[in-house]
Amino acid sequence: MQLPAPRGPLTERLFAELARPPHDLGPPPAGPGPYGDRHYDPCFGEEDAQLALFVCYELHYQGFDGVDDRWEWNPSLLALRERLETWFEGWLARRVPRPPAPPSRQVPRALAALVAADDGPSLSAYLRSRADTAQFREFVVHRSIYQLKEADPHTWGIPRLLGRPKAALVEIQSDEYGGGRPERMHAELFRATLRGLGLDDSYGAYLGLVPGVTLAISNVMSLFGLHRRRRGALLGHLAAFEMTSSLPNRRYSQGLRRLGGDAGARHYFDEHVQADAVHEQIAAHDMCGAFAAEHPGLTGDILYGAACALALDRLFAEHLLGRWREGRTSLWETDAEVTVR
Ligand SMILES: [Fe+2]
Ligand SMILES: [Fe+2]
């Protein structure tokens with residue numbers, strides 16, 4: 001994967017430094033915004049900060065061409081990442097009210113109630129019956145950022161668990177990774193969807209084309225996955241993902257069929273209709289329910305993680321539908337065109 005184009009002074013400087021051998025970046029900027037007090041401009045800085053955080057996290061996944069692997073644990077880079085994480089945690093806190101902490105036994109029910117109360121606009125209904133091919137392609141371009149590493153951020157949680165919740169998480173992840181068959185890995189199925197739409201199926205190909213809201217969807221998973229103290233939120237996040245997947249994926253498949261997509265391109269969506277109906281139960285009861293029983297003090301974190309997943313999904317839907325309503329692209333560059341192979 002190549003480093004994308006910078007989106008402001010932060011990424012401009014960071015990407016230039018990453019092209020060099022690992023060295024000390026100096027102290028990270030201070031203050032509430034990514035640039036410190038004086039330069040804080042939430043509208044201007046947000047894209048810059050989400051992209052910088054995404055790139056810091058990506059060093060723990062596949063890394064970048066031309067960026068030394070040793071940057072991953074460079075203390076000054078980690079200090080910058082922590083600075084960005086503090087900003088991002090505030091960004092989340094302003095957008096996601098913390099749900100009340102339920103008693104342990106009621107966690108699966110509280111998760112279901114949170115999901116049922118979600119009244120965000122339905123992106124899947126639009127994609128099923130109204131989107132044109134260009135819009136469907138844009139949707140898939142956004143989704144490629146996470147879907148080509150599907151399940152990886154939640155896998156960070158495995159060594160942080162014991163017993164029943166660990167077994168439940170491994171059971172879900174095993175399906176996500178194809179149960180030992182590489183061609184059935186969900187990330188691989190998604191590559192077939194990209195190819196079916198004439199898009200580039202290589203990892204991170206569209207990183208430079210997606211806006212901050214799409215990056216935030218991945219960043220929140222890495223934030224929860226890479227911090228043990230956030231393990232409750234990580235599990236709640238995964239549960240909300242699985243509990244809101246089956247019906248939308250059925251609609252995505254119907255929409256793609258309407259637009260002429262063949263079975264191979266639709267396979268990813270069809271697979272999730274069945275698989276996530278099962279994962280939903282495992283995630284809510286065996287994973288979150290059992291974890292809550294062992295950690296009654298973390299039930300609020302589980303619900304908060306789920307609320308973050310739902311809120312970001314809503315922001316994402318609002319962004320795409322809003323842009324399309326105005327007849328504009330939902331991608332990052334206003335003149336962006338998706339390269340069709
Ligand atoms: Fe999946
Ligand atoms: Fe799943």
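Start with the largest nonpolar core: of its 73 residues, Leu14, Phe88, Leu92, Leu123, Phe136 and Phe139 touch the most other members. A nonpolar core here is a set of buried Ala, Val, Leu, Ile, Met, Phe, Trp, Tyr and Cys residues joined through side-chain atoms within 4.5 Å. Buried means under 20% relative accessible area, exposed over 50%, and partly exposed in between (1.4 Å probe, protein chains only). Helix H14 (residues 299–325) gives this core its largest share, 10 residues. Apart from this core lies another, of 27 residues, among them Val115, Ala240, Ala284 and Leu303. In soluble globular proteins, nonpolar side chains tend to be buried together.

Before moving on, some ground rules. This is a predicted model, in which local features need pLDDT of at least 70 and side-chain atom pairs count only at pLDDT 80 or more, while totals for chains, interfaces and linings use all residues. Residues are numbered from 1 along each chain as its sequence is written, chains are lettered from A and ligands numbered from 1 in the order in which they are written, and side-chain values use heavy atoms, with hydrogens and water left out.

**Stop 1: Phe88**

Select phenylalanine 88. Which residues does phenylalanine 88 touch, not counting those up to four places away in sequence? Gln50, Leu53, Ala216, Asn219, Val220 and Leu223. Contact means heavy atoms within 4.5 Å.

**Stop 2: helix H14**

Helices (H or I, at least four residues) and strands (E, at least two) are DSSP runs, numbered from the N terminus. H14 has 27 residues and reaches 39 Å from its first C-alpha to its last, close to the 39 Å expected at 1.5 Å a residue. That expected span is 1.5 Å times one less than the number of residues. The rest of the structure largely encloses H14, because 22 of its 27 residues are buried. Just after H14, look at glycine 327, which takes a positive phi of about 75 degrees.

Stay in H14 and select aspartate 301. Aspartate 301 is buried, at 18% relative accessibility. Beyond its neighbours within four places in sequence, aspartate 301 contacts Arg98, Arg229, Gly232 and Ala233.

**Stop 3: salt bridges**

The side chains of aspartate 301 and arginine 98 meet in a salt bridge (2.4 Å, N to O). Arginine 98 sits in the loop between helix H3 (75–95) and helix H4 (107–117) and aspartate 301 in helix H14, so the pair ties together parts that are 203 residues apart in sequence. Arginine 98 is partly exposed, at 49%.

A salt bridge is a side-chain nitrogen of Lys or Arg within 4 Å of a carboxyl oxygen of Asp or Glu. How many salt bridges does a search of the whole structure find? The count is 19.

Next, pick aspartate 286 and arginine 164. Their closest N and O atoms are 3.5 Å apart, forming a salt bridge. This pair also links distant parts of the chain: aspartate 286 is in helix H13 and arginine 164 in helix H8, 122 residues apart. Aspartate 286 is partly exposed at 30%, whereas arginine 164 is exposed at 53%. Then select Glu188, Arg191, Arg195 and Asp201, which salt bridges with shared partners join into one network.

**Stop 4: iron ion, ligand 1**

Centre on ligand 1. The protein donors of this iron ion are Glu150 (OE), Glu176 (OE), His186 (ND1) and His272 (NE2), lying 1.9 to 2.1 Å from it. Donors are N, O and S atoms within 2.8 Å of the metal (3.2 Å for Na, K and Ca); water is not among the atoms, so sites may look incomplete. Along the sequence, the donor residues of ligand 1 are spaced E-x25-E-x9-H-x85-H. Glutamate 176 is in helix H8 (residues 163–176) and histidine 186 in helix H9 (residues 186–196). Both glutamate 176 and histidine 186 are buried.

**Stop 5: iron ion, ligand 2**

Step across to ligand 2. The two iron ions are 3.9 Å apart, and glutamate 176 coordinates both. Glutamate 242 lies in helix H11 (residues 231–243) and aspartate 276 in helix H13 (residues 263–294), so this pair ties together parts that are 34 residues apart in sequence. Glutamate 242 and aspartate 276 are buried. The donors of ligand 2 follow the spacing E-x65-E-x33-D-x2-H.

**Last stop: Asn249**

Select asparagine 249, in helix H12 (residues 246–258). Asparagine 249 counts as buried, at 4% relative accessibility. Leaving aside neighbours within four places in sequence, asparagine 249 contacts Tyr268, Phe269, His272, Val273 and Asp276. Two of these contacts are iron donors: His272 for ligand 1, and Asp276 for ligand 2.
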